[in-house]
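Dear colleague,

Here is the structure I promised to pass on to you.

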Amino acid sequence: MKMISRSMFVRLFLLSGILMAATGTAVSADNTSTSTLGQEPPAGAVVLFDGSGFDAWKPFSWQWINPKDDQQEVQWKMVDGDAMEIAFEIDGKRRKQFLCTKQTFGSYRLHLEFQLPEEGSGNSGIFFGPLYELQILHSANKEHPGLGDCGAIYQIRAPDVNAALGPGEWQTVDLEYQAAEIGKNGFMTENGAARVTVRLNGKLIHDDFKLSLRRNKYAAFPEEPTSPIVLQEHGSKVRFRNIWVVEKTSPPANTK
């Protein structure tokens, strides 16, 4: 076996150090993200929740969720002075309740912050457009998140990367939704499907994704030009805060 000279060994050692440093820098750059935690709503934003009350919200009603539309009170709780927490009962009686915005929106940019509880799955969701669901779940340790993990567009598309954090940490969702073009027949046009871009904790997880499929259990919700934003109750005391929307002007329909 041919021996490596001392000078050759030194050169190899130095070269390996340079490569390791370069690799480390690259990994660090890939992992950096711009945090929007605590970001204040810009001028012109519609503030949906700032800790002062539920004025912008009402109980959601559709099919098996509050089907009679007879829930008058918001049963979710105000906590810590600036957050809301999912609650499962009112006046000692168990009752399922989703919340939705009183106002409906077309195309918009949504900012929202959420926190998973220390116990349980942390299961919840944010519905945008005609009930596409951005999944909330405790799945921070998954190497390859799937269609039902945190950040997934539920049953439609898994996130590109797992950007989820664990229970007890406040997390951010920054979502840009482009509403579908609705034809005279009440359905979206062939070339006018809705699109969405999502950043979870500052990391891009869906990049201008075309929402041409609706295959979750809410797929029959009416396809309309505007729709509410809905927060889901799914058995976990998830908290939300700092929710606001910037409405966007939709581009003119393609007349070609």
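In this predicted model, the largest nonpolar core is made up of 43 residues, and those with the most contacts inside it are Met-84, Phe-114, Phe-128, Leu-175, Phe-240 and Ile-243. Two or more residues of this core come from each of several strands, among them S1 (46-49), S8 (107-115), S11 (170-178) and S15 (239-248). Apart from this core lies another one, of ten residues, which include Phe-60, Phe-127, Leu-131 and Tyr-218. As general background, nonpolar side chains tend to be buried together in soluble globular proteins.

As for the protein overall, its secondary structure comes to one helix and 15 strands, and 45% of its 256 residues count as buried. Of the contacts with a separation of 6 or more, 68% are between residues 24 or more positions apart. The accessible surface comes to about 14100 Å², and carbon and sulfur atoms account for 52% of that area.

Turning to the strands, five of them form an open sheet in the order S2-S7-S14-S9-S10, with antiparallel pairing. Strand S2 (57-59) and strand S10 stand at the edges with a single partner strand each, so one side of each is left without a neighbour in the sheet. On average, and with direction ignored, neighbouring strands of this sheet are turned by 25° against each other. Within the sheet, strand S7 (residues 99-101) pairs with strand S14 (residues 230-233) in the antiparallel sense over two bridges, and Leu-99 has Leu-231 in S14 as its bridge partner.

Finally, I would draw your attention to Ala-152, which is placed in the loop between S10 and S11. Is Ala-152 buried or exposed? With a relative accessible area of 0%, Ala-152 falls under the 20% limit and is therefore buried. Leaving out residues up to four places away in sequence, Ala-152 touches Glu-133, Leu-134, Gln-135, Gly-146, Leu-147, Arg-157, Ala-158, Pro-159 and His-206. The C-alpha atom of Ala-152 is also separated by 8.5 Å from that of Ile-205, although the two residues are 53 residues apart along the chain.

With best wishes

Conventions: Residues are numbered from 1 along each chain as its sequence is written. This is a predicted model: local features need pLDDT of at least 70, side-chain atom pairs count only at pLDDT 80 or more; totals for chains, interfaces and linings use all residues. Side-chain values use heavy atoms; hydrogens and water are left out. A nonpolar core is a set of buried Ala, Val, Leu, Ile, Met, Phe, Trp, Tyr and Cys residues joined through side-chain atoms within 4.5 Å. Buried means under 20% relative accessible area, exposed over 50%, partly exposed in between (1.4 Å probe, protein chains only). Helices (H or I, at least four residues) and strands (E, at least two) are DSSP runs, numbered from the N terminus. Contact means heavy atoms within 4.5 Å. Accessible areas come from the Shrake-Rupley method with a 1.4 Å probe; for residues, only the protein chains shown count as cover. Two strands pair if DSSP finds at least two bridges between them. Axes are lines fitted to C-alpha atoms, for helices over the stretch in contact, and angles run from 0 to 180 degrees between N-to-C directions.
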